[in-house]
Amino acid sequence: MKHSSGLTRFLQTPRANLWIFLVALFGLFAWSATVRFQQFESWKQNPGAYFVGERPMMTTLDAPFWLRWAREYNEGIYGTDELRYYPDYQTDFKTPPEAFQEPEPGVSDASTPPLLSWLIAQFAPVFGGNYYLTGTLLIPILASLFILPLGYYFYLMGVPAGGLIGGFVGTFCAEYLMRSSIGRIDTDMLNLFFPALAAVWIYWSARSRTPQAILGFATLAGITLWAFQWWYGKPGFTLAFFGVLIVTQALYKVAPRWIVLSSLLFILFAGPATFVSSAGSVESFLGRYFKIEAVDPYAVQDNTSATPATFPNVMTTISEAERIPLGDVLPGILNSSTLGWVGLLAFAMLAVFRWKQAVPLLPMLLLGLLGFQSARRFLMFLAPFLGVGLGFLLTIGIQIVWEGLTQKSPPSETTKKTKKEARKEARKDTLADASESSSPAWWQRPELRDVVLYGGALGICLALMGNTAIRFVPGPSIPTPLYSTFEEVRKRTPENAALYTWWDFGYALTDATQRAVFHDGGSQFSPKTYFVAKSFIGTSQEEMQHIIHFLGSQGNRGLEDNNTSPEALMQAVLSPTTVPPDPVYILYTADMIGKYSALSSIGSWDLAKGGNQVKGFQHLRCANIENNILNCENAKIDLNQGTINGRFPLKEVVQIMSGEVVGQKGYGRQDGYYLQILMANRQQFSDVYLLERDVFASNFNQMFLLGRYDRSRFEEVFNRFPYARLFRVKE
């Protein structure tokens with residue numbers, strides 16, 4: 001009986017025992033979905049922390065964006081969005097500069113929302129019109145779908161165990177699980193599925209031997225990229241997989257005429273317009289993550305000979321765009337550098353061994369490798385390949401053992417023959433075996449080998465559980481007490497009101513209040529964000545009112561028209577000639593304390609020379625006060641002498657309760673820090689902050705925490721301290 005190399009023989013029979021593999025693959029899919037459903041069950045045990053009424057809270061600030069569009073689609077009002085980017089998106093306002101007309105992700109036409117919103121709209125009636133619940137319960141299924149095409153692809157490559165372990169690592173690694181956990185209604189949950197599915201169709205197109213199959217699978221690849229564009233709105237993927245289709249077909253020696261026809265069908269079904277715009281999309285998308293500079297590359301520029309103002313790059317303050325240290329990349333996937341490198345190097349071996357079959361996976365792999373150089377969000381594309389590498393090593397080990405158990409004993413020295421004689425006798429042995437028995441012995445059956453292989457894969461998955469985030473339970477992005485104040489905002493403001501606040505909660509506010517916002521998570525890259533930040537960290541409430549009047553009446557078009565020089569632009573903004581046509585309300589929220597450094601980074605930018613001075617609130621962990629000594633972690637603050645650790649001077653101590661100053665003590669110094677103590681009641685404090693002079697005097701600190709505001713310019717509408725505070729801007 002003929003016996004070839006164990007690994008080679010296994011890789012040459014990838015489609016053996018398909019049904020056993022499918023049972024294992026769907027079992028992994030069910031495991032992934034169940035873990036996410038269990039997260040929701042954990043939420044239900046503590047509804048006060050995770051629900052506002054019957055509405056489950058979201059674990060991403062982008063979720064309300066998709067949910068609002070789903071509701072508007074069902075209500076028949078989807079298409080015109082005047083709630084975002086006030087006043088630039090108002091129907092009676094002139095069009096904003098082209099550089100700041102943010103393309104909506106996945107929008108295929110004016111009457112159809114992105115695919116995520118469309119899916120939620122279809123299933124919402126099943127859940128009684130509760131869009132938040134609908135989107136939440138779709139997550140476990142959608143987030144786990146990538147396991148099926150990914151696993152099947154590596155089954156075709158001959159390493160089904162790699163597909164299974166790759167799916168396990170991919171679905172439970174920290175970066176992907178956090179981006180696809182319960183409440184995370186966002187596009188990340190299918191961003192692995194579409195590339196993996198496209199790779200499967202391209203592989204089959206290249207391996208097929210009939211024109212109908214070649215063209216049919218190429219068409220399916222195009223349809224997949226069309227759906228991916230509808231889902232994610234990044235045309236660059238279409239270009240990447242188009243190139244992969246041509247290269248793969250050429251490597252497998254598909255006739256040139258079928259390559260040309262396949263390419264045309266791919267473009268036709270993926271969308272010609274998408275294909276045309278794909279090159280620019282790649283540069284735009286990767287440019288924001290791969291090379292993040294201090295200066296905003298999209299800043300308004302004037303065509304005159306004068307030097308216009310430059311603006312800070314908001315991407316430098318966004319956590320998902322942060323570049324992680326090289327040594328933290330692989331531990332960010334498997335919580336172990338050793339396991340990570342072993343998996344990655346093993347996959348590299350597989351890719352070399354089966355390089356032609358690996359080509360359709362290149363777009364996913366290259367995005368994953370960007371995690372070593374760019375933002376951490378790319379790590380979710382790399383994670384499955386580490387698991388595949390571990391599965392490849394398992395496959396080698398099992399096959400070596402299997403070959404050892406099933407091969408004949410080696411010939412003795414006296415019976416050795418030439419290779420030619422050995423091949424002849426092997427053929428005779430094969431014929432003899434076939435005539436003597438129609439099936440091998442039970443321990444030689446390939447089904448048993450596969451059961452052992454998949455059992456080994458399960459064992460590795462169980463062993464890896466401690467290195468993944470499988471027990472992670474997410475918390476809401478907006479605490480329920482804070483989110484509850486949004487309903488109060490809706491009640492206290494007229495329907496045509498515009499909310500002036502930081503961009504992070506923009507999507508949530510437009511959905512919960514149905515009020516317009518100046519910027520949100522998809523329109524925060526314009527110069528408008530600089531002026532909003534400047535008004536919050538500035539120390540003049542008069543200037544703040546002027547900035548609001550200019551932005552609310554002129555928008556980004558006004559910024560562009562006046563940007564002939566930094567001085568001219570600032571003069572125009574601080575000397576507005578008109579006021580907004582609609583009432584404007586300033587909304588301060590508790591999260592802005594922690595985000596003050598980001599506001600300072602942007603708002604302190606020098607429009608002429610660049611550069612900034614970042615300042616913020618230093619939160620002190622304090623235990624108690626004894627003999628007027630505030631005992632904090634790494635600090636003892638003497639409230640009698642006004643010193644920190646006997647060295648650093650305090651200028652003033654302020655006690656705050658319910659957003660009002662209830663106690664104040666100065667130390668008669670020209671310089672020094674300010675200490676703000678937030679009181680839970682007259683006897684107990686809740687938080688302690690150390691501030692520099694500029695932060696203490698900022699409009700944000702004075703109006704939100706201290707309750708000090710210019711009543712000739714602003715009117716307080718409601719105070720829900722420490723969560724939120726709302727002011728109306730007077731004309």
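# A first look at this predicted model

Cysteine 622 and cysteine 632 form a disulfide, with their sulfur atoms 1.9 Å apart. Cysteine 622 sits in strand E7 and cysteine 632 in strand E8, so the bond ties together parts that are 10 residues apart in sequence. Keep in mind that you're looking at a predicted model. The mean pLDDT of the protein chain is 86, and 84% of its residues reach 70 or more.

**How confident is the prediction?**

- Residues 1-7 have a pLDDT below 50, and this stretch has 19 contacts in the model beyond near neighbours in sequence.
- Residues 429-437 also stay under 50, and here the model has 5 contacts beyond four places in sequence.

**The disulfide and some other cysteines**

- How many disulfides does a search of the whole structure find? The search turns up 1.
- The link of cysteine 622 and cysteine 632 is right-handed, with 85° about the S-S bond.
- Are cysteine 622 and cysteine 632 buried or exposed? Both of them are buried.
- Cysteine 173 has a relative accessible area of 0%, so this residue counts as buried.
- Cysteine 461 is buried too, at a relative accessible area of 4%.

**Two asparagines with positive phi**

- Asparagine 628 has a phi near 65°, which is a positive value in a residue other than glycine.
- You'll find asparagine 628 in the loop between strand E7 (622-626) and strand E8 (629-632). Those are the strands that hold cysteine 622 and cysteine 632.
- Asparagine 628 is partly exposed, with 32% relative accessible area.
- Asparagine 634 has a phi near 65° as well, again positive in a residue that isn't glycine.
- Asparagine 634 belongs to the loop between E8 and strand E9 (635-638).
- Is asparagine 634 buried or exposed? Its relative accessibility is 72%, so asparagine 634 counts as exposed.

- Start with strand E11 (residues 648-657) and strand E12 (residues 660-666), which pair in the antiparallel sense over 6 bridges.
- Within that pairing, methionine 657 has glutamate 660 in E12 as its bridge partner.
- E11 and E12 make a hairpin with 2 residues between them, and serine 658 in the turn has a positive phi of about 60°.
- E11 also pairs with E13: the two run parallel and are joined by 6 bridges.
- Leucine 650 finds its bridge partner in E13, namely tyrosine 673.
- How much of strand E13 (residues 673-679) is buried? Quite a lot of the strand is covered, with 6 of its 7 residues buried.
- Leucine 675 stands opposite leucine 690 in E14.
- A hairpin takes you from E13 to E14 through 5 residues.

**Cis peptide bonds**

- A cis peptide bond joins tyrosine 86 and proline 87, with omega at about -5°.
- Where does proline 87 lie? Look in the loop between helix H4 (63-75) and helix H5 (115-123).
- Phenylalanine 721 and proline 722 are also joined by a cis peptide bond, and here omega is about 10°.
- Proline 722 is in the loop between strand E15 (714-720) and strand E16 (724-729).

- Histidine 546 is part of helix H26 (residues 541-561).
- Why does histidine 546 count as buried? The relative accessible area of histidine 546 is 19%, and the cut-off for buried is under 20%.
- Which residues does histidine 546 touch, not counting those up to four places away in sequence? They are Val573, Leu574, Pro576 and Arg713.

Definitions and conventions:
Residues numbered from 1 in each chain as written. Predicted model: local features only at pLDDT ≥ 70, side-chain atom pairs only at ≥ 80, totals over all residues. Heavy atoms only, no water. Helix = DSSP H or I, 4+ residues; strand = E, 2+ residues; numbered from the N terminus. Buried < 20%, exposed > 50% of the residue type's maximum accessible area, 1.4 Å probe, protein only. Pairing = 2+ DSSP bridges. Disulfide = S-S within 2.5 Å. pLDDT = per-residue confidence, 0-100. Contact = heavy atoms within 4.5 Å.
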